[in-house]
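Welcome! Take a moment to look over the chain below, and then we can walk through it together.

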Amino acid sequence: MTSDTPITLATLQGMKAQGENIASLTTYDAGFTQVLEAAGVELFIIGDSLGMVLMGYDSTVPVSMDDMVYHAANVARVGRSAYRVVDLPYHSYSDAGQALANAQRLVEAGGAHMVKLEGGTAMAGIVETLTGHGIPVCGHVGLLPQSVEEYGGYKVQGRDAVAAAAILADAQALEAAGAGLLVMECIPATLAAEITQAVGIPTIGIGAGPDCDGQVLVLYDMLGITQGRLPRFVKDFVAETGSIPAAIRAYVDAVKTGRYPAPEHGY
Ligand code: KIV
């Protein structure tokens, strides 16, 4: 059943408090956005993953502000209910002034309800600046795709005690700086569960196990469109349903009922 009642950050906070799983997917255009809303997706991430799945780059690094504004605006034009988080792309938030100007552009021209940036403690000052100017911020910890060159590939983060403690500290620093949501990517399920307990803001996992407040996947991955080897947390929902709308409905249902992610999707 679809509803035009807008989902707000307060709605998502209430869902965390009630223990109701948040169903999230990435979206980048008007057509898919309408299918996703009809299926009950509650949180959209207009992610810079669009650089890989739509534009053919081999990382998110080349994605520009113009790319993000174009796709965010396509989503916002038809979006009715889901809360919209839009990525600040690589090198668009190198200092507070640049971050503020670009975040304001994502809100004004891209229709963002919230902007997302990658990084933890080092980003706290920028998060304070944005939230101080009334722009809600989503943090992103664990695997940071914009820094993939530094890691030498897409690898699970936080496997040892020191690295896990650093990611927990990152999450707490982002919350203290005013972040309202937190994406956790490719970290052990036990660490994601600990962070979800430790912070008051909703956590959204991708490759972070079942004990997050919500789940997100890259849309093209869960539709079986993305070519090549995919991480183990990805599940192809079209393979078992046969159509795109049915696959999205199955994903929402699996997230809401806690059937996705299953143990084999975690680290
Ligand atoms: O760019 C993206 O798609 C993301 C996902 C991890 C949500 O940031």
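Which side chain does Lys-235 meet in a salt bridge? The partner is Glu-240, with a distance of 3.3 Å from N to O. Lys-235 counts as partly exposed, at 24% relative accessibility, while Glu-240 is exposed at 52%. Please keep in mind that this is a predicted model.

## The overall fold

The chain contains 12 helices and 8 strands. Its radius of gyration is 17 Å, close to the 18 Å that the globule rule gives for 267 residues, so the chain is as compact as a globular protein of that length. Along the principal axes, the C-alpha atoms fill a box of roughly 45 × 40 × 40 Å.

Buried residues make up 57% of the 267 residues. Of the contacts with a separation of 6 or more, 62% are between residues 24 or more positions apart.

## Charges and salt bridges

There are 14 positive and 28 negative side chains, and the centres of the two sets lie 6 Å apart. The whole structure holds 7 salt bridges.

One of them joins Asp-213 and Lys-16, at 2.7 Å from N to O. Asp-213 sits in the loop between β7 and β8, and Lys-16 in helix α1, 197 residues apart. Asp-213 is buried, at 10% relative accessible area, and Lys-16 is buried at 17%.

## A linked network

Glu-42 and Lys-256 also meet in a salt bridge, at 2.7 Å. Glu-42 lies in the loop between α2 and β2 and Lys-256 in helix α12, so the pair ties together parts 214 residues apart in sequence. Glu-42 is buried, whereas Lys-256 is partly exposed. Together with Glu-20, these two residues are linked in a network of salt bridges.

How values were computed: Residues numbered from 1 in each chain as written. Predicted model: local features only at pLDDT ≥ 70, side-chain atom pairs only at ≥ 80, totals over all residues. Heavy atoms only, no water. Helix = DSSP H or I, 4+ residues; strand = E, 2+ residues; numbered from the N terminus. Rg over C-alpha atoms; globule rule 2.2 N^0.38 Å. Buried < 20%, exposed > 50% of the residue type's maximum accessible area, 1.4 Å probe, protein only. Contact = heavy atoms within 4.5 Å. Lys, Arg positive; Asp, Glu negative; His and termini not counted. Charge placed at Lys NZ, Arg CZ, Asp CG, Glu CD. Salt bridge = Lys/Arg side-chain N within 4 Å of Asp/Glu carboxyl O.
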